[in-house]
Amino acid sequence: MSETPETVTERRVTQRGLWFDELEEHVVYEHRPGRTMTETDNVLFTTLTMNAQPLHLDRAYSETTEFGEPLMNSMHTLATMVGLSVGQLTLGTIVANLGFSDITFPAPVRHGDTIYCETRVLEKRPSKSRPGQGIATFEHLARNQHGDVVARAVRKVLMQSAPEGEQ
């Protein structure tokens with residue numbers, strides 16, 4: 001007798017990030033696809049955050065700078081870099097961001113650049129005060145389409161350990 005959809009028990013897979021237990025130190029997680037940064041992104045983010053910097057909003061002014069054109073708001077670059085990592089690492093498994101450090105922007109991001117992110121797990125340890133959770137330290141790197149590093153940040157996160165039976 002052949003199986004029909006009504007008689008088959010299907011295994012279900014729900015998209016999520018990794019549990020704390022699944023993170024591996026000194027592994028680089030590459031996040032794809034990348035994200036092309038647009039002028040619209042820049043104007044919306046810059047105005048939503050009340051950042052009146054003319055380098056992001058005023059083309060005539062920007063053309064007089066050493067860059068010769070508007071640049072992406074670096075806070076948008078930082079947010080996008082972290083955002084690109086969520087689906088693979090922390091979607092539904094993070095408890096909280098604990099902090100950011102060592103944030104740098106070694107090269108500008110221009111309208112039309114595509115950034116790609118990778119994350120290295122620098123270290124992890126079980127939480128001393130929160131059973132079933134752990135603290136991980138990530139190093140996020142964003143590169144443009146030419147491979148140039150355009151942003152870097154170290155981020156500490158509190159994450160859930162795998163629930164019983166999912167380890």
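Q: Where is the place of Ser 161 relative to strand E5?
A: This is a predicted model, in which local features need pLDDT of at least 70, side-chain atom pairs count only at pLDDT 80 or more, and totals for chains, interfaces and linings use all residues. Residues are numbered from 1 along each chain as its sequence is written, and side-chain values use heavy atoms, with hydrogens and water left out. Ser 161 is in the segment after strand E5 (149-160); strands (E, at least two residues) and helices (H or I, at least four) are DSSP runs, numbered from the N terminus.

Q: Why is Ser 161 called buried?
A: Its relative accessible area is 17%, and buried means under 20%, exposed over 50% and partly exposed in between (1.4 Å probe, protein chains only). Ser 161 is therefore buried.

Q: Which residues does Ser 161 touch, not counting those up to four places away in sequence?
A: They are Trp 19, Phe 20, Asp 21, Gly 132, Gln 133 and Gly 134, where contact means heavy atoms within 4.5 Å.

Q: What makes Leu 44 partly exposed?
A: Leu 44, in helix H1 (residues 39-48), has 48% relative accessibility, so it counts as partly exposed.

Q: How do you know that E3 and strand E4 pair?
A: Two strands pair if DSSP finds at least two bridges between them. E3 and E4 (residues 133-143) have ten bridges in the antiparallel sense, and Val 121 has Phe 138 in E4 as its bridge partner.
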